[in-house]
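Work through the exercises below with the model open. Try each task before reading its solution.

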Amino acid sequence: MQNNLNRKPNRKSGYDYSQNNLYFITGNVKNFDCCLGVVANKKMNLNKFGIVVQNQINWLAEHYKYVVLHATIVMPNHFHFVLEIDSHLVDSSTKIKSVSQLVGAFKTTASKEIHSMGFKDFVWHRSFHDHIIKEELSYLRICNYIATNPEKWKEDTLNKPQE
């Protein structure tokens, strides 16, 4: 068993991840298995499991009225999205979930659906990467990165040969 005491923290220390802001989120399938679709002619073609992942990303904004999605992409073995938490979209009595809780809900519901479709071995990589977007230029770069991700798949470090 791996010693988690030496594990690098994933989130910014002391930061309230339920506050209004824009967050760039990236998550991977365990072992970077390319099981969500394929990139062909620089376009992402989702398979039935990738469609579930995209639908569950969209579900976040449908289910949590304070969540706004700005850009999303599901790739063969990972996903990216820009999520905004905007508490002004709901009344003050609404409990705002943190980014970790939102991503956890997304990953759990996507996994359950994929498992119910017969892919019992599907697993997400532990945790996820986040970046707090503080400037418009950063936001524009990230949205462009998401939009052009399929075009750059051949050079992507997460690209494993597709069988």
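The exercises go from the overall fold to single residues.

The model is predicted: local features need pLDDT of at least 70, side-chain atom pairs count only at pLDDT 80 or more, and totals for chains, interfaces and linings use all residues. Residues are numbered from 1 along each chain as its sequence is written, and side-chain values use heavy atoms, with hydrogens and water left out.

**Exercise 1. The fold**

Task: List the elements in order from the N terminus, and state what share of the residues is buried.

Solution: 
- Start with the elements. The protein has three helices and six strands. Helices (H or I, at least four residues) and strands (E, at least two) are DSSP runs, numbered from the N terminus.
- Read off the order. It is β-β-β-α-β-β-α-β-α.
- Turn to burial. Of the 163 residues, 43% count as buried. Buried means under 20% relative accessible area, exposed over 50%, and partly exposed in between (1.4 Å probe, protein chains only).
- Finish with contacts (heavy atoms within 4.5 Å). Among those with a separation of 6 or more, 69% come from residues 24 or more positions apart.

**Exercise 2. The sheet and its helices**

Task: Give the strand order of the four-stranded open sheet, and find the helices that lie on the sheet strands.

Solution: 
- Trace the pairing. Two strands pair if DSSP finds at least two bridges between them. The order is β4-β5-β1-β6, with antiparallel pairing.
- β4 (67-74) and β6 each pair on one side only.
- Take the twist. From one strand to the next it averages 15°. Axes here are lines fitted to C-alpha atoms, for helices over the stretch in contact, and angles run from 0 to 180 degrees between N-to-C directions.
- Look at one pair. Seven bridges join β4 to β5 (residues 78-85). Ile73 stands opposite His80 in β5.
- α1 (residues 48-63) lies across β4 and β5, at about 165° to β4. α3 (residues 136-148) packs on the sheet and touches β1, β4, β5 and β6, with a direction about 145° from that of β5.

**Exercise 3. Helix α2**

Task: Check the length of α2 against its residue count, then find what covers its buried residues.

Solution: 
- Compute the expected span: 1.5 Å times one less than the number of residues. For the 18 residues of α2 this gives 26 Å, and the end C-alpha atoms are 26 Å apart, which agrees.
- Collect the buried residues. They include Val99, Leu102, Phe106, Lys107 and Ile114.
- Find the cover. It includes β1, α1, β4 and β5.
- Step past the end. Gly118 follows α2 with a positive phi, near 105°.

**Exercise 4. Aromatic rings**

Task: Classify the ring pairs Tyr15–Tyr17 and Phe106–Trp124.

Solution: 
- Set the rule. Rings of Phe, Tyr and Trp (its six-membered ring) pair if their centres lie within 6.5 Å; planes under 30 degrees apart are stacked, over 60 edge-to-face, and the rest tilted.
- Count the pairs. The structure holds 14.
- Take Tyr15 and Tyr17. Their centres are 4.8 Å apart and their planes 75°, so the pair is edge-to-face. Both residues are buried.
- Take Phe106 and Trp124. At 5.8 Å centre to centre and 45° between the planes, the pair is tilted. Phe106 lies in helix α2 and Trp124 in the loop between α2 and β6, so the pair ties together parts 18 residues apart in sequence.
- Check burial. Phe106 has a relative accessible area of 0%, and Trp124 is buried at 8%.
- Widen the view. Ring pairs link Phe49, Phe79, Phe81, Phe106, Phe119, Phe122 and Trp124 into a cluster.

**Exercise 5. Cysteines and positive phi**

Solution: 
- Search for disulfides (cysteine sulfur atoms within 2.5 Å). The whole structure has zero.
- Cys34 is partly exposed at 26% relative accessibility, while Cys143 is buried at 16%.
- Recall the rule for phi. Most residues other than glycine have a negative phi.
- Ser127 is partly exposed, at 22% relative accessible area.
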